[in-house]
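Welcome! Please take a look at the structure below, and then let us walk through it together.

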Amino acid sequence: VSTPGFNPITELPAELLNSEGTLWFASSQPKELSYEDERLGGLFTHFFIEAFTRAPHDSVGITLESMWEYARRHTLEHAARFGRDQTPEKMVRKLKARGPLYFSFPRQRTARLEFDAGCEGTFLLRYEHGALVEQVVKPRGQALTVPIYHGKLALVRIKGKEPDRFLAQHFQVQEGVRIRVRPHHAAIEHLGPGFAELPIRSKGSLPSLSITRQARRTELSYGADYRFSLADSSLLSLPHLALIHTRLTHGFLTGSLHLAYGSDIRRFSTWSVRINQFDLGLSAGFGFDWLSMRLDLEALASLAVFDLKYSSQKTRRPIGLWLGAGAGLRLPLSSVFILHARLALGARMAQGLAAEDQQTYFGFEPALQIGFSF
């Protein structure tokens, strides 16, 4: 697969090929013909190329041996369908290898290993479900991110300061997870709500290093907000509201419930009205950690109940509805105190303001909300 701008030699860690010798693959035995198919071309060539993606893999990559067996078997079977004999042959000359030779890595590296700038040394990544071993040379003073496969992994330090030289730590890597490696004295980074850096506790250890993983966590918060909206003056809606809310966050998912109140007096040339607005609102969405903050994209809805008292002593209690979407940003100032803001755009459905105007109107209503929570 062509990937413009991506150079695996510089972007991926060095793979240790502890082998020497030669392997010869012949498409047929000495007294046989190598057949060509009108659609496929040379049989053995076709099936060997196909093996890069279709041969069985050991959860990390496809080995040369697995590719050979795939191409050999399919070549035999395809030729036999047409009454032909074609038996591929493998010849090995003075081959010395500590493990299989990987020729294809069809799985995507979905996780990543991030070394802090303060780390230094030469490390090995050993995948326990396969024979793949990769070397990472980490100089001091610059951070390094290494894409890795998910699964069981061992991190081995082969060059570094005592006392952890040659020691290893084993851990399970989940798909899409970020693993952080930093000096043991370095502070653990604070992430946005819904996420946390948790120490990895597993078999083995690297005493001078701290290894953590980014994990989802569940948080319940309570807070207060101020909301300003550009409401249509002809509709039943107040531009200023005070809110209290509770929010549940788990990893990428978030949802909240709020109660809001606002009050105002509108005066006209011949009449006036006092407006009390009570709101019950819901939100649901997803978010992610961004520069130690949290960015949320949400769907929003609120039901408003109005208490209207006119100068003519008439009263009215209509309801209104607001539906919209918004983007919110939450900034943790400490482990318990969070500042947040939300920008939203929605449509308001409400009656008119006059005492006799009970027709339902629609209008767009953008809103800005700021506040804090614990």
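A salt bridge here is a side-chain nitrogen of Lys or Arg within 4 Å of a carboxyl oxygen of Asp or Glu. This is a predicted model, where local features need pLDDT of at least 70, side-chain atom pairs count only at pLDDT 80 or more, and totals for chains, interfaces and linings use all residues. Residues are numbered from 1 along each chain as its sequence is written, and side-chain values use heavy atoms, leaving out hydrogens and water.

The structure holds 21 salt bridges. One of them joins the side chains of Arg73 and Glu77 (4.0 Å, N to O). These two residues sit four apart in helix α3 (residues 64-81), so about one helical turn separates them; helices (H or I, at least four residues) and strands (E, at least two) are DSSP runs, numbered from the N terminus. Arg73 is partly exposed at 36% relative accessibility. Buried means under 20% relative accessible area, exposed over 50%, and partly exposed in between (1.4 Å probe, protein chains only).

Next, meet Arg109 and Glu134, whose salt bridge has its closest N and O atoms 2.7 Å apart. Arg109 lies in the loop between β7 (102-104) and β8 (111-115) and Glu134 in strand β10 (residues 133-138), so the pair ties together parts that are 25 residues apart in sequence. Arg109 is buried at 15% relative accessibility, and Glu134 is buried at 0%.

Finally, Glu356 and Lys314 join their side chains in a salt bridge (3.0 Å, N to O). Here Glu356 is exposed, at 64% relative accessibility, whereas Lys314 is partly exposed at 29%.
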